[in-house]
Amino acid sequence: MIEPNRKVQRANGTISIEIMGSENRIKKFFQQGSSRCIFPKYFKRIKEGIVINTAGGVTGGDRFNCSIKSSHDCSLVLTTQAAEKAYEASDNKAVFENSFKVENGSKIYWLPQELILFAKSAVSRNTKIEVDNSSEFLAFDHVILGRKAMGEVLSVSNFIDRWKIYYDNRLVYFDQFGWKKEVPRGVSGFKNISSFASFFYVGKKAEYYLEKLRAYTTSSIKVFTGSSLRNNCLITRVHSRDISAVREETKKLLGSIWNLEEPEVWRV
């Protein structure tokens, strides 16, 4: 039992990276605490980085900051080593601060593995994305509600998720989503689902990708998909009561719509 006045050790991690040029050179690289980033030597046209949380999960009071910048025709895929597990929090929230800046004809593909919310977890995420009108950005986000292997149906947790997206110095998308204490199972879009995923694309090809999505046919009747486009910001949602179906559908979308292979670490 933790003594009331005893200070509990928390995990903190910081990553700040800048990549530039068509050869994807590392201009700036800083990592500290429980955050690490590695760049395996894959023989691919796009540089692939893997973000690692050495703490093995998050709980209340943990804090992680990740700042990524790309410029001058850089192409970068970033993912995570494994699913991020949010454990029960006795106090405060686990906080994630992510920022991306994409400039001068460069591209960033932020494709982390899923976030798994355990019972009584508490997570706050803030994501800021800045893209100039010569560049492109694609983010993927997958949230799983509870531990399926243990038959857990998540009902109590605390989750706040904020996204701010700027395109050509204008705010084109803002969303604050989440819940306190109880998962809103009564909301129609949330009833009976086990996980939900989103793609956020910003760039000059937004209308082209929307047309591809309109012609796209889902691979399973178990999943629901929908898309919307405004101000060169394209949002695609996928959700289902079947976690595996969401995983497979998002992999298919990566290849069919954005012509991207799943990151190597997803296959481990």
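User: Which residues lie nearest the centre of the largest pocket?
Analyst: Val51, Thr80, Glu84, Phe96 and Trp110, out of 31 lining residues. A pocket here is an open set of 1 Å grid points over the protein atoms alone where a 1.4 Å probe fits, with protein on both sides within 12 Å along at least five of seven lines; lining residues have an atom within 4 Å of a point.

User: What should I know about the model before I go on?
Analyst: This is a predicted model, where local features need pLDDT of at least 70 and side-chain atom pairs count only at pLDDT 80 or more, while totals for chains, interfaces and linings use all residues. Numbering runs from 1 along each chain as its sequence is written, and side-chain values use heavy atoms, with hydrogens and water left out.

User: OK. How much space is in that largest pocket?
Analyst: About 520 Å³. That's the space filled by probe spheres set on the grid points, which are joined across faces, edges and corners.

User: And which strands supply at least two residues each to its lining?
Analyst: S1, S4 (47–53), S5, S7 (84–86), S8 (94–102), S11 (122–131), S12 (136–145) and S13 (158–167). Strands (E, at least two residues) and helices (H or I, at least four) are DSSP runs, numbered from the N terminus.

User: What's the volume of the second largest pocket?
Analyst: About 300 Å³. Its lining has 16 residues, and Phe177, Phe190, Phe196, Ser198 and Arg237 are the closest to its centre.

User: Which strand gives the largest share of that lining?
Analyst: S15, with four residues. The strands that each put at least two residues into the lining of the second largest pocket are S13, S14 (170–179), S15 (195–202) and S17 (233–240).

User: Back to S1. Why call it largely enclosed?
Analyst: S1 covers residues 12–20, and seven of those nine are buried, so the rest of the structure largely encloses it. Buried means under 20% relative accessible area, exposed means over 50%, and partly exposed is in between (1.4 Å probe, protein chains only).

User: What does S1 pair with in the parallel sense, and over how many bridges?
Analyst: S1 runs parallel to S5 (residues 63–71), and nine bridges join the two. Strands count as paired if DSSP finds at least two bridges between them. For glutamate 18, the bridge partner in S5 is lysine 69.

User: And where's the antiparallel partner of S1?
Analyst: That's S2, at residues 25–33, with eight bridges to S1. Isoleucine 19 stands opposite isoleucine 26 of S2. S1 and S2 make a hairpin with four residues between them, and glycine 21 in the turn has a positive phi of about 85°.

User: Is cysteine 74 buried or exposed?
Analyst: Buried, at a relative accessible area of 0%.

User: What does serine 35 touch?
Analyst: Gly13, Thr14, Ile15, Ile52 and Phe64, leaving out residues up to four places away in sequence. Contact means heavy atoms within 4.5 Å. Serine 35 sits in S3 (residues 35–38) and is buried at 5% relative accessibility.

User: Where's threonine 250?
Analyst: In helix H2, residues 243–256. Threonine 250 is buried at 2% relative accessibility. Apart from neighbours within four places in sequence, threonine 250 is in contact with Phe140, Ala197, Phe199 and Val238.

User: How about histidine 239, which strand is that in?
Analyst: S17. Histidine 239 is partly exposed, at 23% relative accessible area. Histidine 239 and glycine 226 are 13 residues apart in sequence and 9.4 Å apart in space, C-alpha to C-alpha.

User: Last one: where does asparagine 232 lie?
Analyst: In the loop between S16 (224–230) and S17. Asparagine 232 counts as partly exposed at 31% relative accessibility. Beyond residues up to four places away in sequence, asparagine 232 touches Tyr167, Tyr201, Val202, Gly203, Lys204 and Ala206. From asparagine 232 to lysine 180 there are 52 residues in sequence and 32 Å in space, C-alpha to C-alpha.
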